[in-house]
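Please have the sequence and the model open while reading.

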Amino acid sequence: MAGMEMPAKTHGVGVFLELRKRLQSGLLIVGKDVAGSSADVVVTGGDSSLCVRMPRSELSPVLPPGVSFEEGSCFPTAAGESCGEELHFRLRISVAQNRNEEASHTVMETLRVKETYCFYCQSCMTRLLEDRLFKRVLPLPNGNWNAIVDDWCCHPDPFANKKLLPRAEDCLLGDTFILLPRDGSCEQTLTQEVTPVGSEDNQDPKKPCRRRTIVSCKSCSSILGEAVAPETLKLYITQVVVEATVGDRKPEASLNRSLFLERTVAARLLELSNSLSTFHFCVQTPDGKAFLLLWLLNSDSIIASVLPETCVGGERSVSSPALHSPSPRAARALKLLYIACSDTGTQQRDIVTSWEVNTIGHPVELPPKVCEELLQVIDDSNSALPASMCCMRSYKVAYLRL
């Protein structure tokens, strides 16, 4: 029945601001339900601050140190097909050299030899591994190194059917996971479960039937990774928090799950993009099944947005919305295009096929549930964008905060 259909996602307008540090410019979008005309919008600024005043509301995002608005540089610009719903403005910013700018690093960039670390479950902050001291911290080969061995090896593949595993007191770093040797404490904090062979595997005679030994937190049952060998743990960086052991200091409270996942994945994509000089990524499950295609557009965006309140019980008129959080902190973010591999659109399917055939996209391996969580985070970002920004050609647009 028509009354039972799920409502489509709507794109909120409110106020959206994107600043580009490299271009020293910005785009401001204001919904016409917040300000009726460009004359109703006044933009002023100061040191690391910007104020957008409208008849019924005000937005004052806190900008990163060294970023400031150039007074008198905000001018209306064409809104294209969205001119009936949105007001667009272009503005200029000045960016001072700031050597103390906060960097976003994943655990891959922080682990060091001869330092002691504790590993915690990100979901419940239970201590999983205590006082781990590594004599070697080594990067594993590129994520798809096995597929190109024949191109640079003049004799039969010497690595065929062999795994790269850590020795005692080793820590091996993959693109999205860490390989560690087990110790006696694992029995008290971790559980293992062998996954059954799926029905799809049974139907495909060419696909080897491989059971996975899933490793979970004993306290909250959150999946952390898998046991790739009897004495080797594979822990995903999206599932654990790693902190240096400093006296009796207790770890800080865990971030909201979606925010932790967003920041961890964004920081890792930025690290991989910088080190590999690539902008295309294919998020896939451990069995190599493509789940999500990501195209990194830029990493110098600073964003702030406020959506109109949802009206409940007729207490506030839709034509006169108020804004949440008038002074949000502007966030550094990655801007990206994305397509879910499950998308059934013709153009999207053609793009997915092209990426697969031409091996476009550096593989980013994550557990299936985490792939779904990441897609939800990205979809939420897309649904919060103004309608004029939510799509680019056949791709959807999203931001991942750093």
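Glu169 is partly exposed, at 35% relative accessibility. Here buried means under 20% relative accessible area, exposed over 50%, and partly exposed in between (1.4 Å probe, protein chains only). The model is predicted: local features need pLDDT of at least 70, side-chain atom pairs count only at pLDDT 80 or more, and totals for chains, interfaces and linings use all residues. Residues are numbered from 1 along each chain as its sequence is written, and side-chain values use heavy atoms, with hydrogens and water left out.

**Salt bridges**

A salt bridge is a side-chain nitrogen of Lys or Arg within 4 Å of a carboxyl oxygen of Asp or Glu. Three of them are listed here.

| Pair | N to O distance |
|---|---|
| Arg132 and Asp183 | 3.0 Å |
| Glu169 and Lys135 | 3.2 Å |
| Glu187 and Arg182 | 2.9 Å |

Glu169 pairs with Lys135. Glu169 sits in the loop between helix H2 (149–152) and strand E12 (170–173), and Lys135 in the loop between E10 and strand E11 (136–139), so the bridge ties together parts 34 residues apart in sequence. Helices (H or I, at least four residues) and strands (E, at least two) are DSSP runs, numbered from the N terminus. Lys135 is exposed, at 58% relative accessibility.

Arg132 pairs with Asp183. Arg132 is buried, with a relative accessible area of 8%. Asp183 is partly exposed at 30%.

Glu187 meets Arg182. Glu187 is partly exposed, with a relative accessible area of 47%. Arg182 is buried at 16%. Elsewhere, salt bridges with shared partners join Arg20, Arg22 and Asp300 into one network.

**The sheet**

Two strands pair if DSSP finds at least two bridges between them. Seven strands make up an open sheet, in the order E11-E12-E13-E17-E16-E15-E14, with mixed pairing. E11 and strand E14 (190–194) are at the edges, each with a single partner strand, so one side of each has no neighbour in the sheet. The twist averages 25° from one strand to the next. Axes are lines fitted to C-alpha atoms, for helices over the stretch in contact, and angles run from 0 to 180 degrees between N-to-C directions.

Within this sheet, which residue stands opposite Val215? Gly225 in E16 does. Strand E15 (residues 213–217) and strand E16 (residues 223–229) pair antiparallel, over three bridges.
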